[in-house]
Amino acid sequence: MNLVADPGQLDLPADLRDWVEAVASGPLLSATPHLAGGSRSAWNLEVAGAAGRCALFLLRDKRDGGGSSKDAAVLRALAATPLPVPRVVGVSEELAAVLL
């Protein structure tokens, strides 16, 4: 199993890549931009973890306002209910990013 990324598949700013790898505890294998609208950038990610490859989703606010971190707080609150919601893997106020 190849767990080394092709540099051409990492369409992600270096600061976000470093943060994702630290939070996900594994190397980033791919990052594909996802259309997210005018206020956010988004990527479909694949990370190598202890249990193998893992698909994640990354959101980053394009402007001030903390929308992604507010969304993460709502998702965490809803996680205790019967409503199915994505698991919040990490939040960075500094990078205005949420990893799901």
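**Entry 1: Ala96**

I looked up the exposure of Ala96 and found that Ala96 is partly exposed because its relative accessible area is 25%; buried means under 20%, exposed over 50%, and partly exposed in between, with a 1.4 Å probe and protein chains only. This is a predicted model, in which local features need pLDDT of at least 70, side-chain atom pairs count only at pLDDT 80 or more, and totals for chains, interfaces and linings use all residues. Residues are numbered from 1 along each chain as its sequence is written, and side-chain values use heavy atoms, with hydrogens and water left out.

I located Ala96 in the loop between strand 4 and strand 5. Helices (H or I, at least four residues) and strands (E, at least two) are DSSP runs, numbered from the N terminus. I noted a positive phi of about 55° for Ala96, although Ala96 is not a glycine. Most residues other than glycine have a negative phi.

**Entry 2: Ser25**

I then turned to Ser25, whose phi is near 55°, a positive value in a residue other than glycine. Ser25 lies in the loop between helix 1 (14–24) and strand 1 (28–34). Ser25 counts as exposed because its relative accessibility is 61%.

Which residues does Ser25 contact, leaving aside its neighbours within four places in sequence? I found Val20 and Ala48, where contact means heavy atoms within 4.5 Å. Ser25 and Ala48 are 23 residues apart along the chain, and their C-alpha atoms are separated by 8.3 Å.

I traced an open sheet of five strands in the order 1-2-3-5-4, with antiparallel pairing; two strands pair if DSSP finds at least two bridges between them. Strand 1 and strand 4 (90–92) each have a single partner strand and stand at the edges, so one side of each has no neighbour in the sheet. On average, neighbouring strands of this sheet are turned by 20° against each other, direction ignored.

I recorded three bridges between strand 4 and strand 5 (residues 97–99), which pair in the antiparallel sense. Ser92 stands opposite Ala97 in strand 5.

Methods. Axes are lines fitted to C-alpha atoms, for helices over the stretch in contact, and angles run from 0 to 180 degrees between N-to-C directions.
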